[in-house]
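Please consult the sequence and the structure alongside the text.

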Amino acid sequence: MAAGTMAFYPDTPAPFRRHLKAGAMRRRFWGVFNCLCAGAFGALAAASAKLAFGSQVTTTFCTLGIIVMATTNSMMWMFFSRGLSFSMSSAIASVTLTFSNILSSAFLGFVLYGECQEVLWWGGVFLILCGLILMHRNLPPLRKVLSHKQH
């Protein structure tokens, strides 16, 4: 590299200032929080749809279920779009939403219908959680710094 270009293309990235690191952590927290809320609202929308279109439901209860489903579904999309805007990556936001939706659905299924999940199902949830932990970690950059100059 020429001597003049070294200032424009340093070998190591510039360190973040302390207040910027705090801001990034705050953004990450709000991104995860919004995606967790979106998953819970998505599970509520699915549960209200299942209740609304059950076999022995009156017309009034069906209408109320559809209104609740539409409301919670729109809340889910609102929280998910906010989570996307706060997140560092759309993949992290999507996997966080999926994890939250699966756990919320399991909880609501147990509370409303008495459903219990299989061990294999919980194994899948555990693998998704492991993937989330790996995605949320701060990994060092993969590029190596050359110790000698190339001419």
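Contact, as used throughout, means heavy atoms within 4.5 Å. The model is a predicted one, in which local features need pLDDT of at least 70 and side-chain atom pairs count only at pLDDT 80 or more, while totals for chains, interfaces and linings use all residues. Residues are numbered from 1 along each chain as its sequence is written, and side-chain values use heavy atoms, with hydrogens and water left out.

The protein chain contains four helices and zero strands; helices (H or I, at least four residues) and strands (E, at least two) are DSSP runs, numbered from the N terminus. The order of elements from the N terminus is accordingly written α-α-α-α. Of the contacts in the chain with a separation of 6 or more, 74% are between residues 24 or more positions apart. Of the 151 residues, 23% count as buried, where buried means under 20% relative accessible area, exposed over 50%, and partly exposed in between (1.4 Å probe, protein chains only).

Two packed helices are described by the angle between their axes and the distance between the axes. For helix 2 (residues 59–86) and helix 3 (residues 90–113), the axes come within 8 Å and cross at roughly 145 degrees. Axes here are lines fitted to C-alpha atoms, for helices over the stretch in contact, and angles run from 0 to 180 degrees between N-to-C directions. The crossing of helix 2 with helix 3 is right-handed; a crossing is right-handed if the near helix is turned clockwise from the far one by less than a right angle, and left-handed if anticlockwise. Helix 2 contributes F80, G83 and L84 to the contact, and helix 3 contributes S90, A93, S94 and L97. By class, four of these residues are nonpolar, three are polar and none is charged. In this classification Ala, Val, Leu, Ile, Met, Phe, Trp, Tyr, Cys and Pro count as nonpolar, Asp, Glu, Lys and Arg as charged, and the others, Gly among them, as polar.

The largest nonpolar core has eight residues: C35, C37, A38, M76, F79, F80, A93 and L97. A nonpolar core is a set of buried Ala, Val, Leu, Ile, Met, Phe, Trp, Tyr and Cys residues joined through side-chain atoms within 4.5 Å. Helix 1 (18–52), helix 2 and helix 3 each supply at least two residues of this core.

Within helix 1 lies A38, which is buried because its relative accessible area is 0%. Beyond its neighbours within four places in sequence, A38 is in contact with M76, F79, F80 and L97. With the same exclusion, M76 contacts A38, F41 and G42. The C-alpha atoms of A38 and N101, 63 residues apart along the chain, are separated by 7.7 Å.

Helix 3 also holds S100 and T96. S100 counts as buried because its relative accessibility is 6%, and T96 is buried because its value is 4%. Apart from residues up to four places away in sequence, T96 touches V32, C35, L36, L132 and H136. S100, with neighbours within four places left aside, is in contact with C35, L36, G39 and A40.

Which cysteines are joined by a disulfide? A search of the whole structure finds zero disulfides, a disulfide being a pair of cysteine sulfur atoms within 2.5 Å. C116 is exposed, since its relative accessible area is 62%, whereas C130 is partly exposed at 28%.
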